[in-house]
Amino acid sequence: MSDTRTVVITGANRGIGLELARHYAGEGCDVIGVCREASAELKEVATRIIEGVDVTTDSGIQKLTDGLKGQSIDLLINNAGLLQDEKLGSIDFDSIRTQMEINAYAPLRVAEALVSQIPSGGKIANITSRMGSIADNDSGGRYGYRASKAALNAFGKSLAMDLKPRGIAVAQLHPGYVQTRMVNFGGLITPEESAKGLAARIEGLNLENTGSFWHSNGEELPW
């Protein structure tokens with residue numbers, strides 16, 4: 001990687017994405033925050049912001065690639081996500097489709113659009129969830145979220161295999177149960193604690209362990 005790393009983070013305006021932006025800015029990286037609407041907090045830490053980006057649409061991906069034209073990317077963090085709840089007997093399939101678009105298809109869209117700008121030695125981190133683990137599901141429910149994160153894990157594993165010959169490593173990372181708006185701030189760890197753990201996992205990512213599925217605390221999770 002270059003001496004000053006360039007880190008691109010989607011969904012960087014709040015929550016875990018914002019804390020990752022703060023972390024990497026604190027390390028002296030050039031942080032490019034990608035979001036639909038920038039927050040004051042992101043403006044304080046990002047080197048540059050590309051806003052008005054809906055990563056689920058062709059036009060949004062085009063705006064992203066236009067904004068990053070010619071930019072080498074050392075680390076791409078696919079963080080944007082959506083959690084909704086569905087229960088058997090009242091399943092909202094539109095909700096499931098929306099979560100698939102945001103949680104699974106969008107990271108693949110972004111990776112495909114930007115991978116040519118990631119050099120050998122670069123990395124992709126997909127922020128997923130242990131709820132995407134089929135082996136770990138012992139409580140049911142959350143049909144859309146579980147399925148979309150399982151799909152993201154599958155996409156990430158394929159990306160890891162396809163990009164290994166190009167020297168690019170890929171990880172699927174569970175941030176932990178984090179106190180963010182997504183869970184009405186009812187989590188067990190702070191966004192700062194989560195970001196620190198995620199950054200440690202990203203630092204430890206290499207071509208030998210590419211494709212792995214990790215908890216931010218370092219635990220390797222079952223598929």
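**Cavity, helix contact and overall fold**

Visitor: How much space lies in the largest cavity?

Guide: The largest cavity holds about 40 Å³ of space, a cavity being a set of points on a 1 Å grid over the protein atoms alone where a 1.4 Å probe fits but cannot get out, with volume as the space filled by probe spheres set on those points. The model is predicted, so local features need pLDDT of at least 70 and side-chain atom pairs 80 or more, while totals for chains, interfaces and linings use all residues. Numbering runs from 1 along each chain as its sequence is written, and side-chain values use heavy atoms, without hydrogens or water.

Visitor: How many cavities of 30 Å³ or more are there? And which residues line the largest?

Guide: The structure has one cavity of 30 Å³ or more. The largest cavity is lined (an atom within 4 Å of a point) by Thr 10, Val 55, Asn 78, Ala 80, Ile 102, Ala 106, Pro 107 and Val 110. Four of the lining residues, the largest share, come from helix H4, residues 93-114.

Visitor: Now helices H1 and H6: where do they meet?

Guide: In H1, Gly 15, Ile 16, Glu 19, Leu 20, His 23 and Tyr 24 contact (heavy atoms within 4.5 Å) Pro 191, Glu 192, Ser 194, Ala 195, Leu 198, Ala 199 and Ile 202 in H6.

Visitor: What about the whole chain, which elements does it have?

Guide: The chain has six helices and seven strands, taken as DSSP runs (H or I, at least four residues; E, at least two). From the N terminus on, they run β-α-β-α-β-α-β-α-β-α-β-α-β.

Visitor: And what does its C-alpha trace span?

Guide: Along its principal axes, the C-alpha trace spans about 50 × 40 × 35 Å.

Conventions. 1 Å grid on protein atoms, 1.4 Å probe; cavity = no way out; pocket = protein on both sides within 12 Å on 5 of 7 lines; lining within 4 Å.
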